[in-house]
Amino acid sequence: MSEQIKIVVDAMGGDDAPQVTVQGAVEALKITEKISIILTGRTDAIEQELKKYSYDSSRIKIVQADDVIGFDEPPVMAIRKKKNSSIVVGMNLVKRGEADAFVSAGSTGAILVGGQFVVGRIKGIERAPLAPLIPTANGQSLLIDCGANVDARPSHLLQFAQMGSIYMKHVIGVDNPRVAIVNIGAEEEKGNMLVKETYPLLKECSDINFVGSIEARDIPNGDADVIVCEAFVGNVILKLYEGLSSTLLHTVKTGLMRSLRSKVGGLLIKPALKQTMKEFMGEDQGGAPLLGLNGLVVKAHGSSGSDDIKNAILQCIQFNEEGINDKIKENIVTQ
């Protein structure tokens with residue numbers, strides 16, 4: 001067997017850590033032999049959770065980290081002061097080449113700051129965008145950026161488009177992915193200054209399949225595979241997606257409980273409805289990669305369950321096997 005991919009999991013990150021993070025790590029190990037896992041955090045708490053499971057102990061290692069960065073802590077200060085936190089310790093393992101990837105459901109701000117300044121950006125990459133997959137009528141699209149760079153420049157968005165295309169082609173398997181920029185209309189002359197200045201750069205870029213502007217209402221239709229925007233717009237889109245999904249699910253459930261007849265019908269459609277809602281809410285995606293770094297960093301949702309952590313770990317395999325960072329260097333930085 002080829003050398004295993006070493007994945008660091010922040011055992012203390014998330015609303016229900018370390019229970020779900022340890023469980024997710026063990027479940028990932030059982031699915032594939034391609035990986036080994038390093039759990040960072042408080043050893044006693046991690047070992048207590050590991051006692052609940054049977055697993056190949058040779059493929060799990062614990063690295064002690066005394067501190068935990070809270071969701072409400074200022075990210076920059078936390079990264080600087082809490083050098084022995086589960087996030088910083090884990091990212092340093094990636095930085096030193098002792099691990100290939102880092103997965104955490106912890107503080108988004110700390111992960112974004114740590115990714116940029118601990119793991120570090122690939123030389124020539126101006127900003128590292130957070131890029132989640134969002135469900136659409138045609139499958140899924142990559143939303144880039146959704147949280148890392150609120151004040152982006154046109155050159156940043158151009159690199160986002162290029163990195164997003166590489167990711168969708170080689171990790172997700174979309175041939176010649178369609179790239180669009182989020183706008184308030186389809187016409188080229190519309191948009192704010194950032195969109196107007198970025199549009200011609202994307203149009204002239206020969207190594208992406210730019211299809212023009214995309215309005216928010218067309219995103220769920222799957223009209224583009226890579227959706228380019230700065231983080232403020234991207235985060236609004238992502239949060240609206242999450243809120244609308246929850247509201248739709250609640251509304252459907254309420255409707256099905258209104259009468260005996262609807263309850264009977266609800267029982268009949270429950271399996272299909274459950275699977276459809278699971279797909280629409282993106283529950284199989286696991287986490288969002290922070291692209292353009294010297295190593296892979298994946299941000300899982302703070303409320304992640306063990307399946308989400310497991311999926312976030314497993315998505316690191318394809319990223320590593322396809323050499324995404326090498327492709328970014330070859331196709332973007334060295335051009």
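Leu29 touches Ile35, Ser36, Ile37, Arg59 and Ile60, leaving out residues up to four places away in sequence. Contact here means heavy atoms within 4.5 Å. The model is predicted: local features need pLDDT of at least 70, side-chain atom pairs count only at pLDDT 80 or more, and totals for chains, interfaces and linings use all residues. Residues are numbered from 1 along each chain as its sequence is written, and side-chain values use heavy atoms, with hydrogens and water left out.

Leu29 sits in helix 1 (residues 19-31). Helices (H or I, at least four residues) and strands (E, at least two) are DSSP runs, numbered from the N terminus. Leu29 counts as buried, at 4% relative accessibility. Buried means under 20% relative accessible area, exposed over 50%, and partly exposed in between (1.4 Å probe, protein chains only). Leu29 and Glu126 are 97 residues apart along the chain, and 35 Å separates their C-alpha atoms.

Ser141 belongs to strand 6 (residues 139-144). Ser141 is buried too, with a relative accessible area of 1%. Its side chain reaches the backbone oxygen of Ala224 at 2.6 Å. Neighbours within four places in sequence aside, Ser141 is in contact with Pro132, Leu133, Ile134, Thr136, Met168, Gly222, Ala224, Asp225 and Ile227.

**Two helix pairs**

Two packed helices are described by the angle between their axes and the distance between the axes. Axes are lines fitted to C-alpha atoms, for helices over the stretch in contact, and angles run from 0 to 180 degrees between N-to-C directions.

| Helix pair | Axes come within | Crossing angle |
|---|---|---|
| helix 1 and helix 2 (residues 43-50) | 9 Å | roughly 55° |
| helix 6 (residues 154-172) and helix 10 (residues 306-321) | 9 Å | roughly 105° |

Helix 1 and helix 2 are oblique to each other. Helix 6 and helix 10 are roughly perpendicular. Angles under 35 degrees count as roughly parallel, over 145 as roughly antiparallel, 65 to 115 as roughly perpendicular and the rest as oblique.

Which residues join helix 1 to helix 2? Gln19, Val22 and Val26 in helix 1 meet Ile46, Glu49 and Leu50 in helix 2. By class, this contact has 4 nonpolar, 1 polar and 1 charged residues. Ala, Val, Leu, Ile, Met, Phe, Trp, Tyr, Cys and Pro count as nonpolar, Asp, Glu, Lys and Arg as charged, and the others, Gly among them, as polar.

In the other pair, Tyr167, His170 and Val171 of helix 6 meet Gln315, Gln318 and Phe319 of helix 10. That contact has 3 nonpolar, 3 polar and no charged residues.

Terms used. A polar contact is a pair of N or O atoms within 3.5 Å; within protein, one must be able to donate a hydrogen and the other to accept it, and residues adjacent in sequence count only if both atoms are side-chain atoms.
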